[in-house]
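Student: I would like to go through this model and ask what backs each label. Can we take it step by step?

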Amino acid sequence: MVHAIVLITAEPSRIAALASDIADLDGVSVTYSVAGDEDIVVIIRVSDHESLAELVTGSIAAQPGIIRTRTLIAFRVYSQADLESV
């Protein structure tokens, strides 16, 4: 299982719609609208790196209103409580 966090900068008028649309994509565990340097944070869990690449570049970054994405890939997961709920 590949875990990743995608940080998104978006056009202000599209933040709510983008967060909702991205939350519905397969492989997306949760989507947050946030304050700070980024506008949206997406938590992803997929089976392999190819699925991650397709989801981030093909489905998320292609959304209208996305200005920039930055993807962090997790090496290890330390929260077992979170994993047990999946």
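Student: Where does Tyr-78 lie?

Tutor: This is a predicted model. Tyr-78 sits in the loop between strand 4 (66-73) and helix 3 (80-84).

Student: Why is Tyr-78 called exposed?

Tutor: Its relative accessible area is 68%. The label exposed needs over 50%. Tyr-78 is therefore exposed.

Student: How far is the C-alpha atom of Tyr-78 from that of Val-46?

Tutor: The two C-alpha atoms are separated by 17 Å. Along the chain, Tyr-78 and Val-46 are 32 residues apart.

Student: Now Thr-9. What makes Thr-9 buried?

Tutor: Thr-9 has a relative accessible area of 15%. Buried means under 20%. So Thr-9 counts as buried.

Student: Which element holds Thr-9, and which residues is Thr-9 in contact with beyond four places in sequence?

Tutor: Thr-9 belongs to strand 1. Leaving aside neighbours within four places, its contacts are Asp-37, Glu-38, Asp-39, Gly-65, Ile-66, Ile-67 and Arg-68.

Student: How much of the protein chain is buried?

Tutor: Buried residues make up 34% of the 86 residues.

Student: Which residues have the most contacts inside the largest nonpolar core?

Tutor: They are Ile-8, Ile-22, Ile-40, Val-42, Ile-44, Leu-52 and Ile-60. The core has 19 residues. Strand 1 gives the largest share, five residues.

Student: What does Val-42 touch, not counting residues up to four places away in sequence?

Tutor: Val-42 touches Ala-4, Ile-5, Val-6, Ile-8, Ile-22, Val-28, Val-30, Thr-31 and Ile-60.

Student: In what order do the elements of the protein chain run?

Tutor: From the N terminus on, they run β-α-β-β-α-β-α. That comes to three helices and four strands.

Student: Why is the protein chain called as compact as a globular protein of that length?

Tutor: Set the two values side by side. The radius of gyration is 13 Å. The globule rule gives 12 Å for 86 residues. The values are close, so the protein chain is as compact as a globular protein of that length.

Student: What share of the contacts with a separation of 6 or more joins residues 24 or more positions apart?

Tutor: Such pairs account for 66% of those contacts.

Student: And the charges: how far apart are the mean positions of positive and negative?

Tutor: They are 7 Å apart, for 5 positive and 12 negative charges.

Technical notes: Residues are numbered from 1 along each chain as its sequence is written. This is a predicted model: local features need pLDDT of at least 70, side-chain atom pairs count only at pLDDT 80 or more; totals for chains, interfaces and linings use all residues. Side-chain values use heavy atoms; hydrogens and water are left out. A nonpolar core is a set of buried Ala, Val, Leu, Ile, Met, Phe, Trp, Tyr and Cys residues joined through side-chain atoms within 4.5 Å. Buried means under 20% relative accessible area, exposed over 50%, partly exposed in between (1.4 Å probe, protein chains only). Helices (H or I, at least four residues) and strands (E, at least two) are DSSP runs, numbered from the N terminus. Contact means heavy atoms within 4.5 Å. The radius of gyration is taken over C-alpha atoms; the globule rule is 2.2 Å times the number of residues to the power 0.38. Lys and Arg count as positive and Asp and Glu as negative; His and the chain ends are not counted. The place of a charge is taken as NZ of Lys, CZ of Arg, CG of Asp or CD of Glu.
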